[in-house]
Amino acid sequence: MAYVHAEIASQPDCWREAARLAPTVAEHLPRPGERVAVVGCGTSWFMAMAYAGLREAAGQGETDAFQASEFPAGRRYDRLIAITRSGTTTEVLDLLTALRGRIPTTVLVGNPDSAAVTLADATVALPFADERSVVQTRFATTALALLRAHLGEDLGRLAADAEVAVRAPLPIDPAGIEQVTFLGRGWTVGLAQEAALKCREAATFWAEAYPAMDYRHGPISVAAPGRLVWALGEIPDGLPEDVAATGAAFVHSRTHGWRTVLTSWSAGRNPVDPMADLILAQRFAVALATTRGLDPDAPRHLTRSVVLA
């Protein structure tokens, strides 16, 4: 399991490198007021969702996120950002080909020699965050970190939170959990989706994700003793109490009462960044795999890039 462990642990350094890179590639990234579409597949799509939420919340302009195969061809945008680790994913290449000469495109890519680079109008290469693992961790979060830096966010604090997250004890023993549901609000809905995907990919584990406000509209019905609800970012009032009434465990960095050093991070300072929570969720997924006798470096039915005939 050397690959995924090392790649998860390297995220604080990758995020700092993204902060250094962001000013040098600003001309290729969205300008304030532009109408922007962000696309990806799987993990990259969830990072696109998170960025879209952050950019709109920052007042930078209308921003939509799409799975690359579901991009609405008739819609007009000032710029399209494609996030792709390998630069070889069929759906992304097809979309970049279809949009040539119609919409300015920028690709955020791990492999600067990939086909996506030849199809996009501009490239932001992140080779320092590329991975050997099939299961994505550091490339996706580094792409999001770079986009957050471009929005003017402080990545120094973010990286500091990440330094703790790669070393902190897990908030709950995965051996005692039979199901997990991740929740988010606003931009962290994408992070919740990504956390659930990590559990499915690395550990073939029953994991779901929902907007936190929608959780009580049906999904809470599966909550029970031995199951876990893990919230990233803001939570609705009363949610911890409602989860407790089901007998399920509840994990949240701003809620006291669960055993983790995360609750002490926030003492006298701003709350923990949800991307640091995502690192804990990545580690939880790897620990689940180990508990289930699986190798997260060799996930079932998956390849590093989906290339269709």
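Okay, to start: two strands count as paired if DSSP finds at least two bridges between them, and strands themselves are DSSP runs (E, at least two residues), with helices being H or I runs of at least four, numbered from the N terminus. Keep in mind that this is a predicted model, where local features need pLDDT of at least 70, side-chain atom pairs count only at pLDDT 80 or more, and totals for chains, interfaces and linings use all residues. Residues are numbered from 1 along each chain as its sequence is written, and side-chain values use heavy atoms, leaving out hydrogens and water.

So, the sheet. Five strands make an open, parallel sheet, in the order β2-β1-β3-β4-β5. At the edges you have β2 (63-67) and β5 (122-125), each with a single partner strand, so one side of each has no neighbour in the sheet. Strand β4, residues 105-109, pairs with β5 over 4 bridges, in the parallel sense. Look there and you'll find T106 opposite A122 of β5.

Now the helices. α6 packs on the sheet and touches β3, β4 and β5 (contact means heavy atoms within 4.5 Å), its direction making about 135 degrees with that of β4. Angles here run from 0 to 180 degrees between N-to-C directions, with axes fitted to C-alpha atoms, for helices over the stretch in contact. Over on β1 (36-40), β2 and β3 (79-84) lies helix α3, residues 43-57, running at about 170 degrees to β2.

And what does α6 (138-150) do with α2 (11-21)? They pack at about 35 degrees, axes 8 Å apart. Residues in that contact include W15 of α2 and L146 of α6.
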